[in-house]
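The points can be followed with the sequence and the model side by side.

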Amino acid sequence: MTKNEIIELLNKDLSLEFAAAIQYIQHAAKITGAEYQSIQKELIIHANEEMGHANVLAEQIAYMGGEPTLDVGDRRTAGDSGEMLKQDLEGERDAVKRYKMRVEQARSIGEFGLARALEDILIMEEEHERDLMAALGL
Ligand SMILES: [Fe+2]
Ligand SMILES: [Fe+2]
């Protein structure tokens with residue numbers, strides 16, 4: 001793992017944070033059903049937290065001499081509230097997996113400040129995952 005390789009991976013993460021924020025805003029607006037009222041509010045909080053993650057990643061990329069991306073990753077939606085929450089859950093599970101790897105990769109090249117920042121993001125993604133599982137009764 002080199003610095004340039006991790007910058008490239010962090011830019012992929014950044015594009016997926018932008019995508020997650022957009023997806024959450026759209027899903028929160030579309031979701032219906034009394035049983036989803038509390039998760040609807042939670043999705044808006046998630047959207048703002050994903051933008052916070054995007055901000056941290058962009059700063060870290062720039063600090064390491066990279067160019068933070070303007071790209072937005074793939075977004076998903078569905079006609080059914082439960083289906084949208086499942087899409088959100090899949091996104092969070094992917095994020096947890098990616099950030100676990102990214103923390104290790106940052107440590108392996110001696111970027112301990114970056115590793116710490118990524119750990120903070122990872123903790124929040126795990127919370128997002130738990131929120132969605134609870135809403136889906138999983
Ligand atoms: Fe995030
Ligand atoms: Fe998240």
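1. Which backbone nitrogen lies 3.0 Å from a polar atom of the side chain of Thr-69? In this predicted model, the backbone nitrogen belongs to Asp-71.

2. Thr-69 sits in the loop between α2 and α3. Its relative accessible area is 15%, so Thr-69 counts as buried, the cut-off being under 20%. Leaving aside residues up to four places away in sequence, Thr-69 touches Asn-11, Leu-14, Ser-15 and Phe-18.

3. The iron ion (ligand 1) is coordinated by Glu-17 (OE), Glu-17 (OE), Glu-50 (OE), His-53 (ND1) and Glu-125 (OE), at 2.0 to 2.4 Å. The spacing of these donor residues in sequence is E-x32-E-x2-H-x71-E. Distant parts of the chain are linked here: Glu-50 is in helix α2 and Glu-125 in helix α4, 75 residues apart.

4. Glu-50 also bridges two metals, the iron ion (ligand 1) and the iron ion (ligand 2), which lie 3.9 Å apart. Glu-50 is buried, at 1% relative accessibility. Glu-125 is buried as well, with a relative accessible area of 1%.

5. The largest nonpolar core has 19 residues, and the members touching the most others are Leu-10, Leu-57, Tyr-99, Leu-114 and Leu-118. Two or more residues of this core come from each of α1 (3–30), α2 (37–63), α3 (81–108) and α4 (112–135). A second, separate core holds 12 residues, among them Ala-28, Ile-39, Leu-43 and Met-84.

6. Leu-114 is worth a look for its contacts. Not counting residues up to four places away in sequence, Leu-114 touches Ile-6, Leu-10, Gln-60, Met-64 and Ala-106.

Note on methods: Residues numbered from 1 in each chain as written. Chains lettered and ligands numbered in written order. Predicted model: local features only at pLDDT ≥ 70, side-chain atom pairs only at ≥ 80, totals over all residues. Heavy atoms only, no water. Core = buried A, V, L, I, M, F, W, Y, C linked by side-chain atoms within 4.5 Å. Buried < 20%, exposed > 50% of the residue type's maximum accessible area, 1.4 Å probe, protein only. Helix = DSSP H or I, 4+ residues; strand = E, 2+ residues; numbered from the N terminus. Contact = heavy atoms within 4.5 Å. Polar contact = N/O pair within 3.5 Å; in protein donor to acceptor, adjacent residues only side chain to side chain. Donors = N, O, S within 2.8 Å, 3.2 Å for Na, K, Ca; no water.
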